[in-house]
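Try each task before reading its solution.

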Amino acid sequence: MRKVVFWAIGALLCMSLGHSSPADWAINATAIEACSCPQFCMCYFNAHPAAHHDHGQDHGYCKFNNAYKVNKGHFGSTDLAGAKFWINGDLGDDFSQGQMDWAVVTFDKGTSPAQRQALGEIIGHVFPVKWKSLQTAEGSIDTWTFDKDQAHATLNGGKTAEVKLKRFQGMTNEPAVLKNVKYWGTPRNDGFVMMPNEIEAYREGPKAYEFKGTNGFMLTFDMTSKDVPTGKPSMGN
């Protein structure tokens with residue numbers, strides 16, 4: 001069972017609104033990511049997600065699971081290499097004003113308190129948006145693997161969440177990559193490697209969801225403290 005830690009948004013250790021970090025930091029991380037939108041997720045080009053027909057009604061939402069592993073990075077003297085974290089939630093039906101619905105940020109049990117505080121601050125700049133509900137949790141990201149044909153990540157053995165992707169077949173056996181598209185607040189990425197999901201699921205609580213055959217991709221982004229304008233707000237509500 002994961003341990004959930006509820007922090008008041010204004011008193012989050014790391015994702016504070018309206019305060020940029022005074023520390024020198026840098027991060028290079030890879031995402032195994034999937035959501036409920038068709039391939040490719042229209043949220044990267046529009047302020048509204050895909051419409052879905054549920055329970056006899058049409059709803060707009062983007063319910064996602066993003067599993068991250070830090071390739072290299074630091075926050076002051078704290079080394080972040082190898083740290084893993086997971087973000088799942090729903091962007092909601094209209095984020096034209098930068099207001100998203102809800103999210104849960106889960107830190108892997110192997111991360112130290114210093115790494116969690118550092119990652120929280122950095123995540124706030126990677127995703128410079130507001131959330132109606134934002135929670136944190138602790139869990140085991142026990143599977144996080146990929147090659148050019150597939151990717152797989154699980155949270156608490158898949159009991160809490162799972163993402164499994166399979167490479168989109170392009171003209172050759174090399175991955176199909178979408179270039180020159182911005183990934184949230186980050187200034188650099190190596191392209192969206194197209195990998196529609198075989199499954200993306202959040203399996204815990206009343207907001208549980210599961211989708212098959214919808215959007216998925218892998219991406220590596222790069223960002224440093226020098227990329228953040230002084231006083232720029234970070235993740236909050």
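**Exercise 1.** In this predicted model, work out how long helix H1 should be, and check the result against its end C-alpha atoms.

*Solution.* Start with the residue count: H1 has 14 residues. The expected span is 1.5 Å times one less than that number, which gives 20 Å. Now turn to the model: the end C-alpha atoms of H1 are 20 Å apart, so the two values agree.

**Exercise 2.** Decide how far H1 is enclosed by the rest of the structure.

*Solution.* Take buried to mean under 20% relative accessible area. By that cut-off, 11 of the 14 residues of H1 are buried, so the helix is largely enclosed. Among them are Ala118, Leu119, Ile122 and Ile123, together with Arg116, Glu121 and His125.

**Exercise 3.** Find how strands E8 and E9 are joined, and follow the chain from one to the other.

*Solution.* First look at the pairing: E8 (residues 99-108) and E9 (residues 130-139) run parallel, with 9 bridges between them. For one example, valine 104 has glutamine 135 in E9 as its bridge partner.

**Exercise 4.** Describe the largest pocket and its lining.

*Solution.* Begin with the volume, which is about 310 Å³. Of the 19 lining residues, Cys43, Tyr44, Leu91, Phe95 and Trp184 are the closest to the centre. Strands E2 (25-35) and E5 (63-75) are the elements that each give two or more residues to the lining. Finally, sort the lining by class: 13 nonpolar, 4 polar and 2 charged residues.

Note on methods
Residues are numbered from 1 along each chain as its sequence is written. This is a predicted model: local features need pLDDT of at least 70, side-chain atom pairs count only at pLDDT 80 or more; totals for chains, interfaces and linings use all residues. Side-chain values use heavy atoms; hydrogens and water are left out. Two strands pair if DSSP finds at least two bridges between them. Helices (H or I, at least four residues) and strands (E, at least two) are DSSP runs, numbered from the N terminus. A crossover is right-handed if, with the strands pointing away from the viewer, the path from the first strand over the helix to the second runs clockwise. Buried means under 20% relative accessible area, exposed over 50%, partly exposed in between (1.4 Å probe, protein chains only). On a 1 Å grid over the protein atoms alone, a cavity is a set of points where a 1.4 Å probe fits but cannot get out, and a pocket is an open set with protein on both sides within 12 Å along at least five of seven lines; lining residues have an atom within 4 Å of a point. Grid points are joined across faces, edges and corners, and a volume is the space filled by probe spheres set on the points. Ala, Val, Leu, Ile, Met, Phe, Trp, Tyr, Cys and Pro count as nonpolar, Asp, Glu, Lys and Arg as charged, and the others, Gly among them, as polar.
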